[in-house]
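Welcome, and please load the model in your viewer. We will go from stop to stop, selecting a few residues each time.

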Amino acid sequence: MADIKLPAAKVEELKEVCKKFNNEPGELINVLHAAQELFGYLPAEVQEVVANEMNVSVAHVYGVVTFYSFFSMIPKGEHPISICMGTACYVRGAEKVLDEFKRHLDVKVGETTEDGKFSISCLRCVGACGLAPVVTVGEKVYGRIAPEDVKGILAEYM
Amino acid sequence: MEIVQLTIDNKKVVVEKGTTILEAAKSIGVDIPTLCYMKLHDTNFENKPGGCRVCVVEVEGRRNLAPSCKSTCEEGMKINTHSVRVVNARRTVMELILSDHPFECLVCAKSGDCELQSLAQNLGIREVKYQGEKNKYKSDESPAIIREMEKCIMCRRCETACNDVQTVGVLSAINRGFESVVAPAFEMDLDHSTCTFCGQCVAVCPTGALTERDSSSKVMDAIVDPNKTVIVNTAPAVRAALGEEFGMDAGTLVTGKMVSALRKLGFDHVFDTDFAADLTIMEEGTELLGRLGKHLAGDKDVKLPILTSCCPGWVNFFEHQFPDMLDIPSTAKSPQQMFGAIAKTYFADQLEKKREDVVVVSVMPCLAKKYECSRDEFKVDGDPDVNLSISTRELAQMIRNANLNFEALEDDDFDQPMGESTGAAVIFGTTGGVIEAAVRTAYEVHTKKTLERLDFEELRGMEGIRSATIDFDGLPINIGIAHGLGNARKLLEDIKAGKSEFHAIEIMACPGGCIGGGGQPYHHGDVEILKKRQRAIYEEDKGKILRKSHENPFIQKLYKEFLGEPCGEKSHELLHTHYYDKKKKIEI
Ligand code: SF4
Ligand code: SF4
Ligand code: SF4
Ligand code: FES
Ligand code: FES
């Protein structure tokens, strides 16, 4: 298991989140969503705290986390890259762009590069269909991206 | 009661509303094959995910086949359980399951006892048309249990056993689709989880995905080593089940044949764990009376109830789940560990052997004992009191390896001194037995009177939680019994809340007690098998001349020559233990 210690204040916040949902086991998915927002990802410790608070087994929490692809146990990179896979972007070649990012960084979707610099995730329509295909790096939005542009984008952050 | 009438395979059947088609069929002797479904009547084990669809039947007038384990009977239904359509559907389902299953039957530990294998045989599967990608998982080997998830068919029986029955919650389905599998949190090894090693997941797994760690070849290595004296001891529940492995009826007592087989296998001394069970009663019973006396005298530091501690699955459970209550269980070691401690001191001295040259092997109905004998506190300078613990099933395998004709073996007797035991020790093998044995001795020690009635029917049975009050000559003693860890949890929560009226509680991790242990011959969902084993155990008790632990002459001799007093200094050193807080602390 990863050797990460959570800051106490954050843990209190997490407990508050659980309480907001009445520590109700049926609300586990919502709690995990909120927890992911809080921490950016769901490390083992976070799942253990949630299990404890909600009075369900850690195995069950882990089962839910691994079942839904939008939950991640890996921290995002310093520069999180998101590729829109909405319909408009998809038909305009988002997948090729994604492949190019994966090839350059040698990671899969949901993973982070070893140096912790970049991570790749996929999004549903981000509401910028006119610019399709769309890629975001951190807060910055790139439109009409072709596979050839990928190298240049990455270079901005190296 | 509302009633529905229907026909199954042209036979009329009347059942209570709500009955499943599967159960209705069973009531008129029609067997429908099942795979994921399993129900252990009279316990709270029921696994009904309705996922495999092996149990489908045809309902006249319906377009789709119905899974009989999940579908309830309706008025006027006409059901066919083996039409061509049904059989073809079952075969397709099987072929799909087998397309992601390793073809390792020849070398699989479960071969011959595997529900998937026998179903494939019954359906006459001779080739698998769908050849898909096969899953690979990292395998997990703890001191007690091996997980080989390539062989998992996702029936989820193990989850039901661990989560619903035992309330340990180690296992969960993880991932989705093709990748899905049952695993502990973060796919850690069982060893690092809160697993109790009760083995109930192994007991219900239909395939070879969950099996015990097999130590039988290590046992054979010790036997052939000329420098080692190998001592074996057999737990009470083993003799009531071993025969099943050789086609004998459940509940056939095979004590004599078992001793004979062990001798033929080459063990130097064939002893009985029951001897150590009598010793456990001496220690636990004395501890109970001591705590009771102090408590009644008003000593607030002495807590009641006292909980039995002879089941290592249960010990693991409270160490993980109730670490703030470690002072309530008796400190007495389990019979297995008492046996080892005496064998490697008292008996080794008699043999004039060094403890390292003595190998103690125990044959247990239990997988938690494999873990137990690996615990550090049960070792002296790294040498374990019990070297190897094998299950009833592993012993059966050793007997088959040696090609012994088990049924034809002559009865033989245990060796002395550690082969003598009383009826009180035999009943350790079933739920209710340990506390009944303790009552027989504690009553006589406390009242100094002879117990007239030895059969405490009020303590026997299969109900998950039972209670009775026994009159100790004017002093009413309240006794509680729980088997299955979920039931144990309820009694513990009561104690925690200060609501418990009990003076003493017996707890066994496995449903039925050790007769239903994780190392016993597979029951395949038939609870009658457990009941027959239970009856056999009480029968053996009845047939014994001595039925109270303190009357065992070799136990008396052991105290006189070696131990001194029950709960005395030497006993404390050799026969008592302490418990550890194993609750995982979340670091912040
Ligand atoms: S051995 Fe018992 S506690 Fe461990 S996983 Fe199996 S059922 Fe759960
Ligand atoms: S491990 Fe065994 S009991 Fe558990 S889901 Fe797989 S096949 Fe079923
Ligand atoms: S009840 Fe018996 S078989 Fe089951 S874990 Fe306890 S000691 Fe082992
Ligand atoms: S589909 Fe990509 S922005 Fe709408
Ligand atoms: S046995 Fe009925 S669906 Fe599996």
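Select E528(B) and K531(B): their side chains meet in a salt bridge at 3.8 Å, N to O. A salt bridge here is a side-chain nitrogen of Lys or Arg within 4 Å of a carboxyl oxygen of Asp or Glu. Both residues sit in helix α16 (residues 527-542) of chain B, 3 residues apart, so about one helical turn separates them. Helices (H or I, at least four residues) and strands (E, at least two) are DSSP runs, numbered from the N terminus. E528(B) is partly exposed, with a relative accessible area of 34%; buried means under 20%, exposed over 50%, and partly exposed in between (1.4 Å probe, protein chains only).

A word on what you are viewing: this is a predicted model, in which local features need pLDDT of at least 70 and side-chain atom pairs count only at pLDDT 80 or more, while totals for chains, interfaces and linings use all residues. Residues are numbered from 1 along each chain as its sequence is written, chains are lettered from A in the order in which they are written, and side-chain values use heavy atoms, leaving out hydrogens and water.

Next, pick R400(B) and E245(B), whose closest N and O atoms are 3.3 Å apart in another salt bridge. R400(B) belongs to helix α12 (residues 392-401) of chain B and E245(B) to the loop between β13 (229-234) and α7 (255-265), so this pair ties together parts that are 155 residues apart in sequence. Is E245(B) buried or exposed? E245(B) is buried, at 17% relative accessible area, whereas R400(B) counts as partly exposed at 35%.

Now move to strand β21 (residues 475-483) of chain B. Of its 9 residues, 7 are buried, so the strand is largely enclosed by the rest of the structure. Strand β20 (residues 465-472) of chain B runs antiparallel to β21(B), joined by 8 bridges; strands pair if DSSP finds at least two bridges between them. Click A468(B) to find its bridge partner I479(B) in β21(B). In the hairpin, 2 residues lie between the strands, and D473(B) takes a positive phi near 55°. Strand β22 (residues 504-508) of chain B runs parallel to β21(B), with 5 bridges; there, I507(B) is the bridge partner of A482(B).

Finally, show chain A beside chain B. The contact (heavy atoms within 4.5 Å) takes 18 residues from chain B and 21 residues from chain A. Between these chains the count is 0 salt bridges.
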